[in-house]
Amino acid sequence: MKKIGLLLMVAIMTFSCLFGTLAFAQEYTIGLSFPSLSFAWFAFLEQAVKDKAAQLGVNVISLEANNEVSKQISIIEDMIIKKVNGVLLVPIEVEAVVPGVEALNKANIPVVTVDRRLKEGVPVQVLAHVGADNYTGGKKAAEFIVAELKKKYGEPKGTIIELYGTPGAGPAIDRSAGFQDVMKQYPNITVKTQTANFRRDDGMKVMEDFIMSTPEIDAVFGANDEMILGALEALQASAKFNVQEVITIGFDALTDALKSISDGILDATIEQYPGKQAATGFEILYNFVKDGKTPENPVVLIEPAVITKDNLDQAEKSF
């Protein structure tokens with residue numbers, strides 16, 4: 001009887017401890033602000049944040065900004081009024097959203113940026129930034145195309161279309177910089193660049209214009225999967241080019257892109273592990289809010305990977 005009573009007491013104490021920890025965690029509310037749910041990548045990121053929050057027992061206020069900077073700043077101001085304990089922020093633009101971050105700083109609300117990093121030198125403070133190494137991702141996309149051109153022609157040559165992301169967005173800037181730095185090494189490669197705003201419809205329309213105006217297209221790089229999927233639609237509808245003969249690579253490893261790779265249409269995509277980005281950023285913010293713990297490194301860059309038909313199982317998402 002004494003043994004049973006002791007075990008019961010231990011069980012009660014353990015439950016009380018767990019309940020107390022959970023109740024303590026649920027006192028915290030974290031705000032999540034991101035550009036738009038019309039981008040599948042952000043929908044995946046939002047779910048990853050919610051999964052991590054549920055695991056830690058933290059409340060989340062999640063609001064999209066319909067890709068409008070003014071709306072994102074208004075959302076941030078509303079979160080300040082609601083007295084959230086911290087904000088996980090995916091900036092629409094690297095500089096335009098700075099007033100919102102300034103307001104968070106004045107309210108002493110810590111902020112961690114995910115995916116898109118604020119422009120260096122702006123007069124605001126963030127606890128940390130977690131994102132993919134977009135510059136390296138752009139380089140890897142370029143290196144993939146160069147390798148495929150060598151297989152096709154014996155040397156890197158030809159005309160490449162680069163579908164650029166939203167002007168002013170950090171990933172668009174960094175991915176293009178990495179891509180262009182590789183391509184500059186090959187004088188027989190011509191790169192034609194046009195923004196398609198990270199949108200599938202724009203990717204299709206811009207690609208249609210290139211199909212009409214460009215005699216030869218050897219490869220297409222879409223700085224996100226939405227744009228490359230739109231470009232593929234244009235190529236498939238074209239009587240001028242055979243989509244199977246054009247080297248194509250996207251960025252994000254979205255479900256639709258992975259399926260297209262599996263179907264033998266898209267050649268490759270760059271995986272940037274959004275779930276890992278979201279979980280890491282959220283955990284940094286939670287540890288600071290709960291225990292005042294600052295991250296060892298204020299910048300955490302996750303190295304992206306090239307996903308082809310040969311290594312689809314390495315993608316974070318499935319299809």
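## A pairing to start from

In strand S8, Val220 is the bridge partner of Ile161. That pair belongs to a set of 4 bridges joining strand S6 (residues 158-164) to strand S8 (residues 219-222), and the two strands run parallel. Strands and helices here are DSSP runs numbered from the N terminus (E, at least two residues, for strands; H or I, at least four residues, for helices), and two strands pair if DSSP finds at least two bridges between them.

Before going further, a word on the model: it is predicted, so local features need pLDDT of at least 70 and side-chain atom pairs count only at pLDDT 80 or more, while totals for chains, interfaces and linings use all residues. Residues are numbered from 1 along each chain as its sequence is written, and side-chain values use heavy atoms, with hydrogens and water left out.

## The chain as a whole

The protein chain has 10 helices and 12 strands. Its C-alpha trace spans about 85 × 50 × 30 Å along the principal axes. Of the 319 residues, 50% are buried; buried means under 20% relative accessible area, exposed means over 50%, and partly exposed lies in between (1.4 Å probe, protein chains only).

Contact means heavy atoms within 4.5 Å. Taking contacts between residues at least 6 apart in sequence, 73% join residues at least 24 apart.

## The four-stranded sheet

Strands S6 and S8 sit in an open sheet of 4 strands with the order S7-S6-S8-S9 and parallel pairing. Its edges are strand S7 (189-195) and strand S9 (247-249), each pairing on one side only. From one strand to the next, the twist averages 15°; axes are lines fitted to C-alpha atoms (for helices, over the stretch in contact), and angles run from 0 to 180 degrees between N-to-C directions.

S6 is also joined to S7 by 7 bridges, and these two strands run parallel. Within that pairing, the partner of Leu163 in S7 is Gln194. The chain gets from S6 to S7 through helix H6, in a right-handed β-α-β crossover: with the strands pointing away from the viewer, the path from the first strand over the helix to the second runs clockwise.

## Helices around that sheet

Helix H5 (residues 134-153) lies across S6, S7, S8 and S9, running at about 165° to S9. Helix H7 (residues 200-213) packs on the sheet as well, touching S6, S7 and S8, and its direction makes about 135° with that of S7.

Among the buried residues of H6 are Pro171, Arg175, Phe179 and Met183. The buried residues of this helix pack against H5, S6, S7 and S8. An α-helix has 3.6 residues a turn, so residues three or four places apart point the same way.

Leaving aside neighbours within four places in sequence, Ile145 is in contact with residues including Phe179, Met183, Val220 and Ile249.

## The six-stranded sheet

Another open sheet has 6 strands in the order S2-S1-S3-S4-S5-S11, with parallel pairing. Strand S2 (59-64) and strand S11 (299-302) are its edges, each pairing on one side only. Neighbouring strands are turned by 15° against each other on average, direction ignored. Strand S4 (residues 111-114) and strand S5 (residues 128-132) run parallel and are joined by 3 bridges, with Val130 in S5 as the bridge partner of Val114.

Helix H2 (residues 40-56) lies across strand S1 (29-34), S2, strand S3 (86-89) and S4, at about 175° to S1.

## Two residues up close

Lys52 lies in helix H2. Is Lys52 buried or exposed? Lys52 counts as buried because its relative accessible area is 11%. Leaving aside neighbours within four places in sequence, Lys52 is in contact with Ala279, Phe282 and Glu283.

Ala147, found in helix H5, is partly exposed because its relative accessible area is 34%. The C-alpha atoms of Ala147 and Ile81 are separated by 53 Å, and these residues are 66 apart along the chain.
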